[in-house]
Amino acid sequence: MKNFDISAIFNKIADLLEIRGDNPFRVRAYRKAAFNIETLGKDVSGLSTVDLMEIPGIGSDLASKIEEYLRSGRIDAYEKLRQEVPEGLADLLNVPGLGPKTVALLYRQYKVKDLEELERLARDHRLAGLPGIKEKTEGNIIKGIEMLRRASSHYPLGRILPMAEEIARYLRDKAPVDRIDVAGSIRRWKETVKDIDILSTSKDPGAVMLAFTRMPGVKETLMKGPTKSSVVMEEGIQVDIRVVEEDSYGSALAYFTGSKAHNIRLRELAAKAGMKLNEYGVFREKDGKKLGGREEGDIYRLLGLEYVPPELREDTGEIEAAAEGRLPRLVELSDIRGDLHLHTSWSDGSQSIEDLAETSIKRGYRYAAVTDHSKGLGVAHGLNEERILEQLKLIEGLNRRLKSFRVLSGVEINIKTDGSLDFDADLLRRLDIVVASVHSGFKQPGERITKRIVTAMQNPYVSIIAHPTGRLIGEREAYEMDMDAVLQAASRTGTAIEINAYPLRLDLSESYARAARAKNVPLVISTDSHTAGQFQNMAFGVGVARRGWLEKSDVANTLDCDGLLAVLQKKRLKK
Ligand code: DGT
Ligand code: CA
Ligand code: ZN
């Protein structure tokens, strides 16, 4: 799909315009278009001009730029901008806390052109004193640069998984493969991944190597052997493939799924039991007789373990649990009955409430909550009291017409910097679901943010805290909050905590999700969708939940509608 490339270019255009000090509306238009293309859920290359212009935020000008890219692989306006503004400057914008004005200033004042120069100046304390830069900012800049370095060697799973699946589909279609799987960290649903590892079997490995190295999107072949090849895709990510014997497929799949730490533990167990485990199979030590390896299940069985789902293979207790037969029965995507955090065109989403219901019904959901932003979030066209009441009426009417599906009324309410909310109890009590979240004051000291969230949870009408740590993978660190105190308060007040499934958030992250489970905190998995395409992000949220050892019974939106409302509204009755 070219969607990601185009959205990346639009974002870069926005960056460069911003540094140049261009009209903020123009900048925002590019960002909005980038976002909507990235989350469209279908390939732009198949769309007509008219279809393109139906994407929210795309007018004739942007539509023609998309077509220009699809035709020629470049956008002229972008190439011109790049000549005007040094390339490395746009990278500086990715440093948390550095805005375009400061970047432009750094360029003019210090001729800073890239991250290395910026880091040197920050370490030498030569930035403090510039407008908007305090001594503490220098420290944050250094931390931010370190985070960017980490992020650049790993990609968010949300970007890579669709690509990996497309490659596997292509090979299944065009190459003589029998079995084929995506292995490595992708199969384990890690939130960020370094590369794509593919494993297959074939009667003609040579033909598979040929098809693989010649598939669309390959930029460079690093290595092409008889059963093993590596390529780099145009997006910069490396893909490795191996063809193995039918007879060792299971053990190879286990080996290349990892993690390395999990594999090491398995090998130790094998050695203790007088066996040898490697990617070719399980063998008896004394005479080398092969005991199994065709199926992954063979390995765990021979080692006396329950089958360990890939998401748990991190050596964080799963081996011990598998040996004692107490692995969790992990929640599954098909267990999810509805999405509880969704935006519509009433605020900054692109669907109507009717569309939202239809998209949900198509996914087999029984309910969906409309949670548009509240008035405090001006940039997202947050709704005031009257608009919320108007929505409520429309939802009531819609529910009278719908059978065996319910639209839940709600709001994503802004937690203000003092912990108070945008609306008072009289309005909130009329809504089915109140999702509360922090959208400002990210830089408050940890205790302040913790207190702010805990105060919000004490409100009897707040049912869920959304994206609780505010992190954006590779872009923004979590707030410096006390998660332990937040989970404690959630458990005490009966407030649910969200696992936000948007691939750059995944917030709660897996380790916090696991900690929440241990404290009996009610959890929900929600997509925070702004477009129909984003509903499918639910799978990433379920991935986090599974990596956090969650079972169906730990996730409230696996319940039917009445059961769910009973959990979320229990605290209202406590008063
Ligand atoms: P990544 O690529 O950093 O996101 O994470 P992985 O886990 O996909 O790591 P990768 O691609 O380097 O290797 C794929 C799998 O191959 C890994 O999960 C386990 C296995 N593996 C790689 N190197 C070793 C090793 O030295 N020892 C063992 N036991 N397994 C290894
Ligand atoms: Ca890998
Ligand atoms: Zn939201």
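Predicted model: local features only at pLDDT ≥ 70, side-chain atom pairs only at ≥ 80, totals over all residues.
**Ground rules.** Residues count from 1 along each chain as its sequence is written, and chains are lettered from A and ligands numbered from 1 in the order in which they are written. Local features need pLDDT of at least 70 and side-chain atom pairs pLDDT 80 or more, while totals for chains, interfaces and linings use all residues; side-chain values use heavy atoms, with hydrogens and water left out.

**Zinc.** I looked up what holds the zinc ion (ligand 3): the donors are His341 (NE2), His343 (NE2), Glu412 (OE) and Asp528 (OD), at 2.1 to 2.2 Å. Donors here are N, O and S atoms within 2.8 Å of the metal (3.2 Å for Na, K and Ca), and water is not among the atoms, so sites may look incomplete. The angles among the four donor atoms run from 81 to 164 degrees, and I logged the site as irregular. I wrote the donor spacing down as H-x1-H-x68-E-x115-D. Histidine 343, in the loop between strand 11 (338-342) and helix 17 (353-362), and aspartate 528, in the loop between strand 17 (523-526) and helix 23 (538-547), are 185 residues apart. Helices (H or I, at least four residues) and strands (E, at least two) are DSSP runs, numbered from the N terminus. Both histidine 343 and aspartate 528 are buried, meaning under 20% relative accessible area with a 1.4 Å probe, protein chains only.

**Backbone.** I found a cis peptide bond from aspartate 507 to leucine 508, omega about 5 degrees. Leucine 508 sits in the loop between strand 16 (496-500) and helix 22 (510-518). Leucine 506 is in the loop between strand 16 and helix 22 and has a positive phi of about 40 degrees, though not a glycine. I also checked its relative accessible area: 4%, so leucine 506 is buried.

**Domains 3 and 4.** The domain assignment, automatic or from a database, gives domain 3 as 258-323 and domain 4 as 333-574, among others. I noted that they bury about 560 Å² between them, 50% of it on carbon and sulfur atoms; this is the accessible area (1.4 Å probe) lost on being put together, summed over both. On the domain 3 side, Glu311, Leu312 and Thr316 lose the most, together 72% of what that side buries. Arginine 546 forms a salt bridge with glutamate 311, closest N and O atoms 2.7 Å apart; the rule wants a Lys or Arg side-chain nitrogen within 4 Å of an Asp or Glu carboxyl oxygen.

Methods: Tetrahedral: all angles 85-135°; square planar, octahedral: opposite > 155°, others 65-115°. Buried < 20%, exposed > 50% of the residue type's maximum accessible area, 1.4 Å probe, protein only. Buried area = accessible area lost by both parts, 1.4 Å probe.
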